[in-house]
Amino acid sequence: MKSASEHDKIQDYGDWLSGEWEAMSNEALTPREEEEERLLTVLEQVGRRMRKESALLGDRRGDVVGIRQEFWDDVRVNFSDSTEVGETWSSIMQQKELLLERERSHRIATEVVDRLTKQFDSPYFARIDFREKGIGDPTEAIYIGRASLVGEDGETFYVYDWRAPVSSLFYDHEPGSATYRVPDGWIEGELTLKRQFVIRGGQMKFMFDTSETVGDEILQAVLSEGSDTAMKSIVATIQKEQNVIIRDEKHKMLVVQGAAGSGKTSAALQRIAYLLYRFRETLGPNQIILFSPNPVFKGYISRVLPDLGEANMRQMTFRELIEARLGRRFEVEDLFAQTEALSEEGGQNAGETRERAVRYKGSEHFFATVENYLKKLENSGVRFRPLRFRGISIVTEEEIAEKFYAIQASDGFGTRSANVRRWLLEKLNDWVESQLDAKWVEEAAELVEIEDIQRAYVDVRRKGGFHDEVFDDEEQMTIRLRRRVAEDCIAPLVKAVRSYRFIDAPEVYRDLFENRGVFMACAPDGKLPPNIEWMLQRIDDSFGRKMIDHEDATPLMYISEALEGFRKVEDEIQHVFVDEAQDYSPFQAAYLRRRYLRARFTVLGDFNQAIYLQSQDSGGFGGWTRLMAPETTSVLKLTTSYRSTEQIVAYTKKILSQEDAASITPFHRSGEVPRLTVCSDGGSLGESVVAGISELSARGYGTIGIIAKTARESGDAAAVLKELLPDEIPVSLVTGGAAQLPKGVSVLPSYLAKGIEFDAVLVWDASASQYGQEKDRKLLYTVCTRALHVLRVFAIGEPSPWLPTGGAIDG
Ligand SMILES: Nc1ncnc2c1ncn2[C@@H]1O[C@H](COP(=O)(O)OP(=O)(O)OP(=O)(O)O)[C@@H](O)[C@H]1O
């Protein structure tokens, strides 16, 4: 938010501008002068609005402060009898409502002033002249900005929002005949001019006409800038192919395959802003959820929407979903740990068997098997955990099953579970009543603290006890005390029932592997996986240790959620965005689709960055494209890589197979050729990287990423660098828990680098021993494509066979 004095400055500037404007002569003007004049007019409008809104904001602030300060002065407080207490209460409530209402108005006024402040800095970035076919009107000049600006008459559109239907002309067309979509059809006409501006601090920095869709020069300038620790919006330079993604309203499943750095994440965020604008009556940020690859990424993208004047959507990682469901009872392996475990076991028998299990359990085939299994469970087979207390049975597994299956199957698992839950809570209540005379309660009641006795006393009083019949009162107190003691003892049971823990999903899941007949009946091809015996053994081992392998987590979570009945909140979600979608197994894709049954999906990924085994069979995308009917699914491609220089794109393409690299094209922006340095040992690796960091920091690069393969290596690398680098160049180690990417030099493991970028990337030890196998190829590609301007690769001894040969130097 801007300070009051900043707002004042803007107002003064507005006043000055209006004087300046009138003083200008009306001689024939060059286009540039005309545009500068127009800019002054717009800034004057903004200044005027700012004056008005700031005054309003001041009033609102005054109201809020006033109400807060005098809150109790205006409340009539009287506790003398119950009528007075009631009146006091309603008077407090009235005052509270008033305060909330004023706070809301204050918040809205603040948002308006913030938006105007941004508009004062840069009110628009483009102009198009358009003559609509057939209406005989003259050509209209349309200015496009991040937000619209309408004159006080309510009719003059000084600036159109970039999301308005007419604005799409700018992104989609070159001068000539052009059309744009409106809610009930298409408007045709002639685009006679396209002009781009760079306006900063209310000053026209550049202006030029262009015949391209969105001029290269501006894009060049934007891409040459230094990166930041947070992602920026691309509103002024959205490319035509990105605009298709942003404005799609037709498809329920939009799948985008895009090269590294082609703007998938950027387009996704612009799309969210677009949808919030287009459907503002019916869609709120809470009804959109974005699945991010990791917490660092979450922080990285969190500024884009607020910069566009919208509130952030919900964001979560798939890992968080798993943790929320299974994390309380189990330690769940994460995807990266699974990958590391597989590569350690690789070649040995266990590894191969597990690899097979991972592929199988991530498959569409297994999803179909689980779906069929859930159908079967509608009639029998759901397992329950009995309610027991200190060895005493309160409700048995059989009783719960009987109750569960007595409710009609057509009601669905959700209703059945909710009914059983209610019934169990009543059972627990009855059981407490039945235990009041039991010995254990009597003994426990004798041991209670004095405060508990006092509480029981207050309880009895509140409920109207303690009258003349003293004898009865004492008895009542004893009963209450005992009840409280018994309730406290079974509180964990009540909590477990409330959160549906009476359903034993892990056992249900295990049963599928144990009962081969059931498995065969559920599998679409009627066959058992060849290593089912090994799978069962492995489940028994890990569940026994309270651990869950990553490949079991999603199927188990699916069964567990299905048996409880998917929650209502999931129904409210209208749009699901999945970034780095190549990392999801087809099973996970199908699960998300099931979880958000009513939502539309926008799924973005790059099969060249598919580094996890679980999604490799489907090439990273097979799972997503088959989830909905073909007529509601659209698969789009982005091939131009905007992030990196031509030299970096050329280098990183060589890491991939020719076939995979074929469609990637760089945006023409030049920089230094990536360099490979071969070091003799760890010591010289550290020294070479330090020399690189010092040089690049001196050259002014604001974000430098040192990317190691694993978390352990990045820890080691950070320790070495901290020791060798001078204090003026601080080093931050980025770990899984980090919510924000720090400025300067960051050391991080490859999997946390997903989706983010650095001015310069230094790859820590890309030797053959680290990135030697086929499955390391895409990981190395992912790591190297994080660089915007500079890429330096270091290796101890023999470099990875995937790196381009030639140009290596000795460190
Ligand atoms: N139209 C555009 N105008 C300006 N910059 C753009 C545009 N498209 C992409 N970029 C820039 O290119 C970089 C990469 O964009 P983004 O992170 O969205 O790509 P991505 O496809 O999600 O990449 P990856 O898959 O490698 O994570 C960012 O710095 C982004 O600002």
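Which residue in S15 is the bridge partner of Phe291? In this predicted model, the partner of Phe291 in S15 is Val578. Strand S9 (residues 288-292) pairs with S15 in the parallel sense, over four bridges. S15 also pairs with strand S16 (residues 600-605), again in the parallel sense and over four bridges; here Phe577 has Thr602 of S16 as its bridge partner. The pairings are set out below.

| Strand pair | Sense | Bridges | A bridge partner pair |
|---|---|---|---|
| S9 and S15 | parallel | four bridges | Phe291 and Val578 |
| S15 and S16 | parallel | four bridges | Phe577 and Thr602 |

Together with helix H24 (residues 586-595), S15 and S16 form a right-handed β-α-β unit. His575 and Phe577 point one way from S15, whereas Val576 and Val578 point the other way, and all are buried. In a regular strand, side chains alternate between the two faces of the sheet.

The ligand is surrounded by 23 residues, the closest being Ala260, Gly263, Lys264, Thr265 and Ser266. Helix H5 (216-224) and helix H7 (264-278) are the elements that give two or more residues to this shell. By class, the shell holds seven nonpolar, 11 polar and five charged residues.

As to confidence, the chain has an average pLDDT of 86, and 87% of the residues score at least 70. Helix H1 (residues 4-23) has the lowest confidence, with a mean of 47, and strand S15 (residues 575-578) the highest, at 97. Over residues 1-7 the pLDDT is below 50, and this stretch has eight contacts in the model beyond near neighbours in sequence. For the complex, the predictor gives an ipTM of 0.99 and a pTM of 0.86.

Conventions
Residues numbered from 1 in each chain as written. Predicted model: local features only at pLDDT ≥ 70, side-chain atom pairs only at ≥ 80, totals over all residues. Near = placed C-beta within 6 Å. Nonpolar A, V, L, I, M, F, W, Y, C, P; charged D, E, K, R; others polar. pLDDT = per-residue confidence, 0-100. Contact = placed C-beta atoms within 7 Å. Buried ≥ 20, exposed ≤ 12 C-beta atoms within 10 Å, placed from the backbone. Pairing = 2+ DSSP bridges. Right-handed = clockwise from strand over helix to strand, strands pointing away.
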